[in-house]
Amino acid sequence: MGARADDMTIVMQCNELGKILGLRGPVEERVLTAAVQNPSYAANLILCRETPVFLHQLLAHPPPPRDAIPTGELLRRGADALWRWARAGFTSVEDAVLQRRLDACQACPNLSHPPEGQELLYKLAGTAAGSKSVCRICGCPVARKAAMTFERCPDAHPDIAGLSRWGEPTIQETSHTDQAKGA
Ligand code: SF4
């Protein structure tokens, strides 16, 4: 990212998210707001950044805002999210991690078919037709989600406190702004 995330305006953050998604321009502010408020929506945007048909559907229909976020809070949370995504660099996990995550998804009661009426979109996003291939909690195609380094399983492990169903820590990472404050 060119500017420090903390120094960004909303317009700059919209530009930055547009770049992350491979767009020629900024995303709309309502897309940035939805991505900041709704991690599942943000994950879907990133997962589908190389599938233009799916991506444009998501950009055209962001989920409605959950709450009114004051501009300062939106900027702080947007900066954290952009920093996380930039740091992860959209790298893929190692094969062993991918297999462990996929095995967990296959055994998970949250694994489901694509939502009714959206089968074609999910097929375009690379999910196998007619198969259980989507996480019901976040709506992500699990094959793509599991491969991404920055992704997290949204459900708690049924037997082990503090871990997700992928067997990875559920504890939120300290934000970079907190780190900067020495928290
Ligand atoms: S991501 Fe987690 S909650 Fe979703 S299907 Fe996979 S294991 Fe289940």
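Colleague: Are α1 and α2 roughly parallel or roughly perpendicular to each other?

Modeller: This is a predicted model, in which local features need pLDDT of at least 70 and side-chain atom pairs count only at pLDDT 80 or more, while totals for chains, interfaces and linings use all residues. Residues are numbered from 1 along each chain as its sequence is written. The two helices, α1 and α2, pack at an angle of about 80 degrees with their axes 9 Å apart, where axes are lines fitted to C-alpha atoms, for helices over the stretch in contact, and angles run from 0 to 180 degrees between N-to-C directions. Because angles of 65 to 115 degrees count as roughly perpendicular, under 35 as roughly parallel, over 145 as roughly antiparallel and the rest as oblique, α1 and α2 are roughly perpendicular.

Colleague: How do the residues of the contact of α1 with α2 divide into nonpolar, polar and charged?

Modeller: On the α1 side the contact is made by I10, Q13, C14 and L17, and on the α2 side by E29, L32 and A35, a contact being two C-beta atoms, placed from the backbone, within 7 Å. Ala, Val, Leu, Ile, Met, Phe, Trp, Tyr, Cys and Pro count as nonpolar, Asp, Glu, Lys and Arg as charged, and the others, Gly among them, as polar. The division is five nonpolar, one polar and one charged.

Colleague: What is the pattern of the protein chain, read along the sequence?

Modeller: Helices (H or I, at least four residues) and strands (E, at least two) are DSSP runs, numbered from the N terminus. The protein chain has nine helices and two strands, and their order along the sequence is α-α-α-α-α-α-β-α-β-α-α.

Colleague: Which residues have the most contacts inside the largest nonpolar core?

Modeller: A nonpolar core is a set of buried Ala, Val, Leu, Ile, Met, Phe, Trp, Tyr and Cys residues joined through C-beta atoms within 7 Å, and a residue is buried if 20 or more other C-beta atoms lie within 10 Å of its own, exposed if 12 or fewer, and partly exposed in between. The largest such core has 33 residues, and those with the most contacts inside it are L17, L32, A35, L45 and C140. Elements giving two or more residues to this core include α1 (10-20), α2 (29-37) and β2 (134-135).

Colleague: Which residues does L45 touch, not counting residues up to four places away in sequence?

Modeller: L45 is among the residues with the most contacts inside the largest nonpolar core. Not counting residues up to four places away in sequence, L45 touches L21, A35, L55 and L58.

Colleague: Is G22 buried or exposed?

Modeller: G22 lies in the loop between α1 and α2, and its phi is positive, near 75 degrees. Although P52 is 30 residues from G22 in sequence, the two are 9.6 Å apart in space, C-alpha to C-alpha. Because G22 has 10 other C-beta atoms within 10 Å, G22 is exposed.

Colleague: With which residues is L74 in contact, leaving aside its neighbours within four places in sequence?

Modeller: L74 has its place in helix α5 and, with 18 C-beta neighbours inside 10 Å, counts as partly exposed. L74 and L32 are 42 residues apart in sequence and 8.9 Å apart in space, C-alpha to C-alpha. Leaving aside neighbours within four places in sequence, L74 is in contact with I10, T33, V36 and I69.
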